[in-house]
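Subject: Structure handover

Hello,

Here is the structure you were going to look at. My notes follow it.

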Amino acid sequence: MSEKVLLHYQDTSEDLTDILGYVDDGGYRAARKALTTMIPEEVTATVKESNLRGRGGAGFPAGLKWSFIPKGTDKPVYLLCNADESEPGTFKDRQIIENDPHQLLEGMIIAAYAIGCKHAYIYIRGEFGRGYKVLEHAIAQAYEKGLLGKEIFGTMAEINIHVHRGAGAYICGEETGLIESIEGKRGHPRNKPPFPAVYGVFGCPTIVNNVETLACVKHVIEKGADWFKSIGPESGPGPKLYGISGHVQRPGVYELPMGTSLREIIEVHAGGVTAGRKLKGVIPGGSSVPVLRADEIDVAMDFDSVAKAGSMLGSAAIIVMDDSTDMVKALRTIAHFYHHESCGQCTPCREGTGWLEKILIRLDEGKGTPEDLATLDSVAKGMLGNTVCVMADAAAMPVRSFLEKFPEDFRDAVNRAGKTASPVAA
Ligand SMILES: Cc1cc2nc3c(=O)[nH]c(=O)nc-3n(C[C@H](O)[C@H](O)[C@H](O)COP(=O)(O)O)c2cc1C
């Protein structure tokens, strides 16, 4: 795929943050097509047909999610764009927001039309000051041109978009934490069911979609479901943004077909591992997913293939670690993040994340014991699937996988403790 779609701003001389540049470049054609030539159910059916799966982490089919909005509901329906981008290693959505905001707005107009929403929100991470300004400017321009507000394209459609700034909390990226936060409450996730499509923000039917998912919607409508399905695996196709960071020559965000191999992304697009170093491990989808060893990178980066390989595509945030990496230290850093970010609502997460971090600090500082390794694993195991949201799983999965994939680093940490503890057998 040579032509960039989501990162088209890199290929054009137009300033896509300006509505005139965006329209000159063919912008808002897809929204016009949807609102003036398709009924809402047709839009949803086309998105369903495209097999577009959510880019926020879970990979849930977008069109199917939209179809869960109760038919004929007398309550207002809301669309929430998740621009929290809170998963460590992830920096893809901000490329769209800062460089091509109308692409997102156009996707949102189409999605809002499909689900019957008059008021849509973009929940943006508080720290994204630039993105916030770019969005506010783009939205103001869209109102001026009559692309937001009442009677869009001369139809009966009314769609408004509001930007809501978060305060920078990982948990507010979780869809029900995000909903609570928009309602002005602490970002404590809700039990599901009921799912947001039935009982979401302000108790009304709500769809939460990621920035990249909504940007894809514009292209599905413009170019058709078959075009979308022709890119990558049929079970979850389309253009995909892969963010790659860590020990590589050219870190960045790369737009490639869904299902590009992890090896190709690291070795070809990101220019390979740091000069003179060898690959040790890779986190393929943001810090919450299980780590892979260097000999496990011949995997297609799509939802099903990465799951088959024992990890998750998640937010496709690839974190590369070369052979200078001490996996105990790396895991300690990750554990610190989850401990800091736990909302504290559920005991296994509130207590477990702190316990994990405490043990990892001990191991890293050369004060660990062989028992610590077993305790780490058992605490992590006890956190899986036992909380309101999957944040506890997000904290536990890396721990279990680092222990399993790099046992020698953890044994070394115990053995170098240089104290009375008996060495751990290899
Ligand atoms: C702890 C946690 C943090 C999350 N953070 C984000 C985030 O920052 N951005 C995002 O789009 N999805 C995030 N998600 C996933 C959302 O809950 C939700 O699945 C997603 O926004 C749905 O959009 P999609 O179907 O388009 O992927 C997070 C999930 C969890 C459990």
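This is a predicted model: local features need pLDDT of at least 70, side-chain atom pairs count only at pLDDT 80 or more; totals for chains, interfaces and linings use all residues.

Residues are numbered from 1 along each chain as its sequence is written.

Whole chain. There are 17 helices and 9 strands; these are DSSP runs numbered from the N terminus, with helices being H or I of at least four residues and strands E of at least two. The radius of gyration is 22 Å, close to the 22 Å that the globule rule gives for 426 residues, so the chain is as compact as a globular protein of that length. That radius is taken over C-alpha atoms, and the globule rule is 2.2 Å times the number of residues to the power 0.38. The C-alpha trace spans about 80 × 45 × 35 Å along its principal axes. Of the 426 residues, 54% are buried. A residue is buried if 20 or more other C-beta atoms lie within 10 Å of its own, exposed if 12 or fewer, and partly exposed in between, with C-beta atoms placed from the backbone. Among contacts with a separation of 6 or more, 70% join residues 24 or more positions apart; a contact means that the two C-beta atoms, placed from the backbone, lie within 7 Å.

Domains. The assignment gives domain 1 (8–229), domain 2 (239–322) and domain 3 (327–415), with bounds that come from an automatic or database domain assignment. The C-alpha centres of domain 1 and domain 2 are 27 Å apart. Their contact takes 12 residues from domain 1 and 14 residues from domain 2. On the domain 1 side, the residues that touch domain 2 divide into 2 nonpolar, 6 polar and 4 charged. Here Ala, Val, Leu, Ile, Met, Phe, Trp, Tyr, Cys and Pro count as nonpolar, Asp, Glu, Lys and Arg as charged, and the others, Gly among them, as polar.

Ligand. The ligand is surrounded by 24 residues, and the closest are Gly 54, Gly 56, Gly 173, Asn 210 and Thr 213. Two or more shell residues come from each of strand 4 (206–210) and helix 16 (391–405), and strand 4 gives the most, with 3 residues. By class the shell has 9 nonpolar, 9 polar and 6 charged residues. Domain 1 and domain 3 both give residues to this shell, so the ligand lies between them.

Helix 8. In helix 8 (residues 175–182), 7 of the 8 residues are buried, so the helix is largely enclosed by the rest of the structure. The buried residues include Leu 178, Ile 179 and Ile 182, and also Glu 175. Their cover includes strand 1 (77–83), strand 2 (117–124), strand 3 (160–165) and strand 4. Gly 184, with a positive phi near 90°, follows helix 8.

An open sheet of 5 strands has the order 6-5-9-7-8 with mixed pairing; strands pair if DSSP finds at least two bridges between them. Its edge strands are strand 6 (252–257) and strand 8, each pairing on one side only. Strand 7 (residues 279–283) has 5 of its 5 residues buried, so this strand is largely enclosed by the rest of the structure. Strand 7 pairs antiparallel with strand 9 (residues 317–322) over 4 bridges, and Ile 283 stands opposite Ile 319 there. Strand 7 also runs antiparallel to strand 8 (residues 292–293), joined by 2 bridges, with Gly 281 partnering Arg 293.

Regards

Notes. A residue is near a molecule or strand if its C-beta atom, placed from the backbone, lies within 6 Å of it.
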